[in-house]
Amino acid sequence: MNPIEIILALLGLIGIGGIIANVQTKHKELSFKALENKERRYKSCLLYMDVYFNPSNIKYLSSRQPDIHSSSDVIEYLRAEYHEMILYAAKPVILSVKAFIEHPSRDNFLASVLAMRQDLWTKQSNLTIGDVALAKGDA
């Protein structure tokens, strides 16, 4: 192989390496944006759930949804979030939010929180409902 062929081969490798690096960077950016969007949507969902149990917290929704006035309104907005969630959420999150909508309870709320936490960050189940339930209010 002559020096020109070696140089052309190296330039080809550098070009392919640059393309691969660019694809990897783009993939990381898209993954980060997807995770960021999922986190934002989960927080919104949790806020609706919290307002269901603490109607005084409705003030935190008033700027977003001025037509929410009761627990039944909250559940309807939560249903809408749930239907969108089917597109992006992990199965345990979907099932836990569905359980909350069908049977609102503190345990179902906390199960949803833990499922969302696992989907976003931990990928392992290292907390239980008993670990995160507050002595007053969540029990």
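Guide: Helices here are DSSP runs of H or I with at least four residues, numbered from the N terminus. The model is a predicted one. Its average pLDDT is 83, and 86% of the residues score at least 70.

The part to look at is Arg41, which belongs to helix α1, residues 3–53. Arg41 counts as buried because its relative accessible area is 16%, and the cut-off for buried is under 20%. Setting aside neighbours within four places in sequence, Arg41 makes contact with Glu81, Glu84 and Tyr88.

Glu84 is a residue of helix α3, which covers residues 71–85. In sequence, Glu84 and Arg41 are 43 residues apart, while their C-alpha atoms are 9.4 Å apart in space. With a relative accessible area of 37%, Glu84 is partly exposed, whereas Arg41 is buried.

Helix α4 runs over residues 91–102; at 1.5 Å a residue its twelve residues should span 16 Å, and the end C-alpha atoms are 16 Å apart, so the two agree. Val93, Ile94, Ser96, Val97, Phe100 and Ile101 are the buried residues of α4.

Helix α5, residues 106–122, has buried residues that include Arg106, Phe109, Leu110, Leu114 and Asp119. Lys123 follows α5 and has a positive phi, near 60°.

Technical notes: Residues are numbered from 1 along each chain as its sequence is written. This is a predicted model: local features need pLDDT of at least 70, side-chain atom pairs count only at pLDDT 80 or more; totals for chains, interfaces and linings use all residues. Side-chain values use heavy atoms; hydrogens and water are left out. Helices (H or I, at least four residues) and strands (E, at least two) are DSSP runs, numbered from the N terminus. The expected span of a helix is 1.5 Å times one less than its number of residues. Buried means under 20% relative accessible area, exposed over 50%, partly exposed in between (1.4 Å probe, protein chains only). Contact means heavy atoms within 4.5 Å. pLDDT is the predictor's confidence in each residue, from 0 to 100.
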